[in-house]
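I opened this entry to look up charged pairs, nonpolar cores, domains and the surface, in that order.

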Amino acid sequence: MNTEKITVRRLSLEEVTKLGVKDRLFVSADTEELKLPDCYVPAFLTKPGESFEGGSVTARTIFQEEVSCLPDDENEAGIYLADENGSVTIEVLQSAGVVLDLALFVPGGDRGALTALYAAARQAFGADVVQIWRQGLKEVPDVKVDIFEEQIPRGRKGSDSPKRDRRAIDTYPTRADFIEFSAGWKPVVEIHRPIVDDTPTI
């Protein structure tokens, strides 16, 4: 486990309320998935400190996990800020790297092209460093579509026509797998039809 010792000071709730979403903090790394009670991770507030109510604060770690804590509760790990004059030294968990979750379109998609892609990644970052943990190959049909977000109707059927928002235009249908749709909305995929302007011209 790679950690770094950092001198910090613990923040009170009043001090947290004066911070913004760009201020780098340290919160406990102890989660349900990974038990590290004596370790901390870099994090940022999910909204300005003054916007929190009830004494509870939510921060998002650099590992994209949301952590809620009560800064003034002595029984909790608390929130810390780097301070050379601080009276506390904590162990901060370092990042081992980044897992890329990408949708890559490889024209033709033959095995030789994929092998060249992986070889280039290893050459850039070091042999045996780039590991492929998950590989999902999916053929892409040669057709373009419009992707919409349509509000899921509530109440009686046919009462109102569902509202629709366009999310993507003139794109491959597999992109719908990677779009995060809003709660209460569903994806609608239709064949792309270019808009034809029938306005007469002089």
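I started with Glu15, which forms a salt bridge with Arg9; their closest N and O atoms are 2.9 Å apart. The model is predicted, so I read this distance as a computed value. I looked up the exposure of both partners. Glu15 counts as partly exposed because its relative accessibility is 30%, and Arg9 counts as partly exposed, also at 30%.

I checked the total: the structure holds four salt bridges. One of them joins the side chains of Glu91 and Lys5, at 2.5 Å from N to O. Glu91 is in strand 7 and Lys5 in strand 1 (residues 3-10), so this pair ties together parts 86 residues apart in sequence. For Lys5 I noted 59% relative accessibility, which makes it exposed, while Glu91, at 24%, counts as partly exposed.

Next I looked up Arg60, which forms a salt bridge with Glu66, with the closest N and O atoms 2.6 Å apart. Arg60 has 31% relative accessibility and counts as partly exposed; Glu66, at 49%, is partly exposed as well. The cut-off for exposed is over 50%, so Glu66 stays below it.

Which residues of the largest nonpolar core touch the most other members? Of its 19 residues, they are Leu11, Val16, Leu25, Val27, Leu45, Val57 and Ile79. At least two residues of this core come from each of strand 2 (25-28), strand 3 (39-45), strand 4 (57-61) and strand 5 (66-69). Strand 3 gives the most, with four residues.

I listed the contacts of Leu45, leaving out neighbours within four places in sequence: Val16, Leu19, Gly20, Val21, Leu25, Phe52, Val57, Thr58 and Ala59. Another core, of seven residues, lies apart from the largest one; Ile6, Tyr80, Ile90 and Val92 are among its members.

I looked up the domain assignment, which gives domain 1 (3-93), domain 2 (96-130) and domain 3 (134-153 + 161-196). The centres of domain 2 and domain 3, taken over C-alpha atoms, are 26 Å apart. Their contact takes six residues from domain 2 and six residues from domain 3.

Last, I went to the surface. Val98, Leu100, Leu102, Leu104 and Leu117 form a nonpolar patch there, with about 540 Å² of accessible area together. I placed Leu102 in the loop between strand 7 (88-93) and helix 2 (111-125). Leu102 counts as exposed because its relative accessibility is 52%.

Note on methods. Residues are numbered from 1 along each chain as its sequence is written. This is a predicted model: local features need pLDDT of at least 70, side-chain atom pairs count only at pLDDT 80 or more; totals for chains, interfaces and linings use all residues. Side-chain values use heavy atoms; hydrogens and water are left out. Patches are made of residues with over 30% relative accessible area and no salt bridge: like charges are joined within 9 Å, nonpolar side chains (Val, Leu, Ile, Met, Phe, Trp, Tyr) within 5 Å. Accessible areas come from the Shrake-Rupley method with a 1.4 Å probe; for residues, only the protein chains shown count as cover. Buried means under 20% relative accessible area, exposed over 50%, partly exposed in between (1.4 Å probe, protein chains only). A nonpolar core is a set of buried Ala, Val, Leu, Ile, Met, Phe, Trp, Tyr and Cys residues joined through side-chain atoms within 4.5 Å. Contact means heavy atoms within 4.5 Å. Domain bounds come from an automatic or database domain assignment.
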